[in-house]
Amino acid sequence: MVRKVVLTGDRPTGPLHLGHYVGSLRNRVELQETCEQFVMLADIQALTDNMERVTLVQESIIEVLLDYFAVGIDPAKTTIFVQSALPALAELTVHLLNITSFERVRRNPTVKQEIQERNYGESATAGFVIYPVSQAADILAFKTDIVPAGADQQPMIELANETARRFNRLVNAPVLKECEGMIPDVGRLPGTDGKAKMGKSLRNAIYLGDTEDTILDKVKRMFTDPGHLRVEDPGKTEGNVVFTYLDAFDPDRAAVAELKEHYRRGGLADSVVKRRLSEVLVELLRPMRRRRLEYAKDRGYLECVLREGTSKARAVADRTLAQVRDALGVNYFSGLLNSR
Ligand code: TRP
């Protein structure tokens with residue numbers, strides 16, 4: 001049986017956090033057992049809003065790779081590669097841009113929100129606005145079946161599928177393939193301050209590499225129910241980040257249900273719930289941190305993983321680009337000019 005192809009990626013702009021874990025990393029660890037999985041370090045996409053921080057992006061490649069090892073992504077089962085080493089993706093992007101309407105790109109809700117969050121206004125660059133088309137190229141280059149990603153990536157997946165259909169109709173051949181998103185149903189993990197999104201610049205994230213002390217400190221300062229002033233008061237569990245996290249991470253569902261009931265009734269201190277969450281998170285993250293530190297010691301091995309993964313991924317993307325060029329009929333002169 002042919003295995004399904006999985007492709008996903010992360011922008012290397014710093015280490016990964018619990019939001020990434022819930023949104024996608026957790027699924028990848030399972031998918032690698034049964035699928036042909038590719039994971040991309042999306043440094044080119046990271047540059048769409050980091051042209052002044054190229055060094056940060058380049059250095060973060062290793063940070064994110066360490067996070068992959070930390071959660072259990074295994075390079076023997078998953079091909080890990082660096083986007084900038086695959087020029088085929090850039091050319092594919094250009095061809096896809098020609099069959100995507102400008103208005104279609106401008107309507108992308110995730111990009112709109114990012115432009116707002118970053119206060120770009122009218123100065124959003126063309127490269128930033130069209131990055132979903134580049135992401136469609138990433139997805140389509142690998143003949144992807146499944147994209148495990150957070151809910152904010154759904155519009156990108158839809159665009160990729162629309163683009164595949166439009167391309168195939170144009171060339172009248174099934175060259176590109178449609179895919180499915182694998183979006184976790186827990187929804188997006190809020191930041192520790194209760195804001196909708198966990199983010200580096202928002203300083204409300206718990207990182208996979210955080211030490212025990214840092215975790216305890218972040219949990220201690222976590223947003224709960226502002227109306228829960230005295231221990232005896234009944235408290236709200238919805239919108240209470242501590243409970244949202246317990247829902248996402250505590251394997252003991254019954255204990256969580258009991259805590260919730262007690263909290264709503266009144267008489268349960270925030271500090272008790274926080275202590276439980278600290279235990280759960282420390283237990284989850286301790287082995288990750290250990291693996292992270294272990295792998296960080298061997299830079300040579302890390303580079304070797306990237307070299308091998310990238311060379312395998314490059315062959316796949318090159319093959320798809322060759323098919324796309326063929327289907328479009330742009331191969332005649334470049335073939336002539338390249339032959340020796
Ligand atoms: N946009 C994704 C993010 O911000 C990263 C990404 C780039 C990606 N290319 C991809 C995800 C292809 C899935 C598939 O995290």
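The paragraphs below take these topics in turn.

The model is predicted: local features need pLDDT of at least 70 and side-chain atom pairs count only at pLDDT 80 or more, while totals for chains, interfaces and linings use all residues. Residues are numbered from 1 along each chain as its sequence is written, and side-chain values use heavy atoms, with hydrogens and water left out.

Polar side-chain atoms lie 2.8 Å from a ligand nitrogen atom in Q45 and 2.9 Å from a ligand nitrogen atom in Q135. For Q153, a side-chain N or O atom is 3.0 Å from a nitrogen atom of the ligand. The protein buries 90% of the 360 Å² that the ligand exposes when taken alone (Shrake-Rupley method, 1.4 Å probe).

I139 also takes part in a contact with T144: the side chain of T144 reaches the backbone oxygen of I139 at 2.7 Å. T144 lies in the loop between α8 (131-141) and β4 (146-148); helices (H or I, at least four residues) and strands (E, at least two) are DSSP runs, numbered from the N terminus. T144 counts as buried because its relative accessible area is 0%, buried being under 20% and exposed over 50% (1.4 Å probe, protein chains only). Leaving out residues up to four places away in sequence, T144 touches V5, V6, L7, I139, K177, E178 and C179 (heavy atoms within 4.5 Å).

L337, by comparison, belongs to helix α15 (residues 331-338) and is exposed, because its relative accessibility is 68%.

Notes: A polar contact is a pair of N or O atoms within 3.5 Å; within protein, one must be able to donate a hydrogen and the other to accept it, and residues adjacent in sequence count only if both atoms are side-chain atoms.
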